Amino acid sequence: MKNNFFYLLCLVPMLCFSQEQNSRYTLDVNGFYGKILKHTEEISQFTDRNPNGIFLSLNRKTYGEKPWQSLYNYPDYGLSFQYQNMKYDALGHFYGLYGHYNFYFFKRNLMFRVAQGVAYNTNPYDAKTNPENQAYGTHWMPATYFMLNYKKENIWNGLGIQAGLSFFHHSNANLRTPNKSTNTLAFNVGAVYDFESKEPLHYIEYKDSVRFTEPIRYNLVFRTGFNESDLVGSGQHPFYVVSAYADKRLNRKSAVHIGAELFIYKYLKETVKRIAADPTLTVSPDTDYKKAGVFVGHELFVNKLSLETQFGYYFYAPLDYLPSIYQRLGLKYYFTDEIFMGVALKTHAAKAEALEFAVGVRL
């Protein structure tokens, strides 16, 4: 139950879309056929299979009622349901629910979709019944997909077509091991239906006559969650991260970050004990498992949501357990200009370490 609560929290940022008086919706259905990409030897036996599945997506169009819509060329936002057959019994099937944005380019003929949500896997790792599945250690997991499509709407009576490439990432972010994850690259093709195709869509252009500016702001963030070491069956442990950073808005879309943070991962405390017990290693049982780092980052603002990307370096890490460079990719939702919550994935290159849930204040 504890894990399910945290997974459901993943849905909060993506469901917090603004409500607008005028609504216009489209529905698209896409089938896909792809290949699992090899990124580690532990999943190499799965890469000769070709997963397939279907997407069903409801999209809310924007037309410039709010300034951010014009700034991003009138994107859509909505919800997607995904079914994916991994074509390998050990990997099972996926059912996913996502929040997404559709961004448009080249006279709105090219669509790029970014989606984040929660997926359910039907056959995760089990030491007795499914030891072959080294990719997923849990039923529930955060999931991400990207879609790049040629899209032509309203060709006939509201019906249109789209086709392109999709990329799906499924990983439980070390909430429980094993967690080697899978990445699927797929070709997709489908149809789109505009429920109000007979009504013309008039875009409102926003012209910013005043240069946007803000002073440097200071942020305090508390992040927490649960994770597990790479040793299968070692148990879940809580972690706590305290971050402080300054941000500077460059314009209405972007800000840059610089800051520092303290990491208290309880799983590393147990890892110290395990490593110290190995007579072939020279690690003291008194080694400090805490870490401290400095980081720089960027934040992309889309309405009350933002996409946060940070790159950090541990300047204090007595336990040499993971690389000294780390990354963070996350979503934030601003309840006010000062208060926000977020969810982020902290990684070391392709290796996920933690799914972080955050609350913060921007002073």
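This is a predicted model: local features need pLDDT of at least 70, side-chain atom pairs count only at pLDDT 80 or more; totals for chains, interfaces and linings use all residues.

Modeller: Thr182 sits in strand E8, which covers residues 182-194. Once the neighbours within four places in sequence are set aside, the residues in contact with Thr182 are Ile36, His39, Met86, Ala135, Tyr136, Phe168, His169 and His170. One of these, Phe168, is 14 residues away along the chain, and its C-alpha atom is separated from that of Thr182 by 8.1 Å. Between E7 and E8 there is a loop that contains Pro178, and the peptide bond that joins Thr177 to Pro178 is cis, with omega at about 0 degrees.

Phe168 pairs with Phe32 in a tilted arrangement, with 4.7 Å from centre to centre and 55 degrees between the planes. Because Phe32 belongs to strand E1 and Phe168 to strand E7, this pair ties together parts that are 136 residues apart in sequence. Phe32 and Phe168 are both buried. A further pair is formed by Phe112 and Phe146, and it counts as stacked because the ring centres are 6.2 Å apart and the planes are at 5 degrees. Here the link runs between strand E5, where Phe112 lies, and strand E6, where Phe146 lies, so the parts tied together are 34 residues apart in sequence. Phe112 counts as partly exposed, at 29% relative accessibility, and Phe146 is likewise partly exposed, with a relative accessible area of 31%.

Tyr136, another contact of Thr182, takes us to the largest nonpolar core, which has 23 residues and in which Phe46, Leu91, Tyr136 and Tyr145 touch the most other members. Two or more residues of this core come from each of strand E1 (25-37), strand E4 (93-105), strand E5 (110-121) and strand E6 (140-156), and E6 gives the most, with 4 residues. Tyr145, apart from its neighbours within four places in sequence, is in contact with Phe55, Ser57, Ser80, Tyr98, His100, Arg113, Val114, Ala115, Phe167 and Phe168.

On the surface, a nonpolar patch is formed by Tyr25, Leu58, Ile155, Trp156, Leu159, Ile161, Tyr193 and Phe195, with about 800 Å² of accessible area together. At least two residues of this patch come from E6, and at least two from strand E7 (159-170). Ile161 is a residue of strand E7, and at 46% relative accessibility it counts as partly exposed. In the loop between E4 and E5 lies Phe106, which counts as exposed at 65% relative accessibility. Although Phe106 is not a glycine, its phi is positive, near 50 degrees.

Turning to charged side chains, the count comes to 18 salt bridges. Glu214 and Arg362 form one of them, at 2.8 Å from N to O, and it links distant parts of the chain, since Glu214 is in the loop between E8 and strand E9 (217-227), whereas Arg362 is in strand E16 (residues 351-362), 148 residues apart. Glu214 counts as buried at 18% relative accessibility, and Arg362 is buried too, with a relative accessible area of 5%. In a further salt bridge, the closest N and O atoms of Arg328 and Glu261 are 3.2 Å apart. Arg328 lies in strand E14 (residues 325-334) and Glu261 in strand E11 (residues 254-265), so this bridge ties together parts that are 67 residues apart in sequence. Both Arg328 and Glu261 are buried.

Definitions and conventions: Residues are numbered from 1 along each chain as its sequence is written. Side-chain values use heavy atoms; hydrogens and water are left out. A nonpolar core is a set of buried Ala, Val, Leu, Ile, Met, Phe, Trp, Tyr and Cys residues joined through side-chain atoms within 4.5 Å. Buried means under 20% relative accessible area, exposed over 50%, partly exposed in between (1.4 Å probe, protein chains only). Contact means heavy atoms within 4.5 Å. Patches are made of residues with over 30% relative accessible area and no salt bridge: like charges are joined within 9 Å, nonpolar side chains (Val, Leu, Ile, Met, Phe, Trp, Tyr) within 5 Å. Accessible areas come from the Shrake-Rupley method with a 1.4 Å probe; for residues, only the protein chains shown count as cover. A salt bridge is a side-chain nitrogen of Lys or Arg within 4 Å of a carboxyl oxygen of Asp or Glu. Rings of Phe, Tyr and Trp (its six-membered ring) pair if their centres lie within 6.5 Å; planes under 30 degrees apart count as stacked, over 60 as edge-to-face and the rest as tilted.
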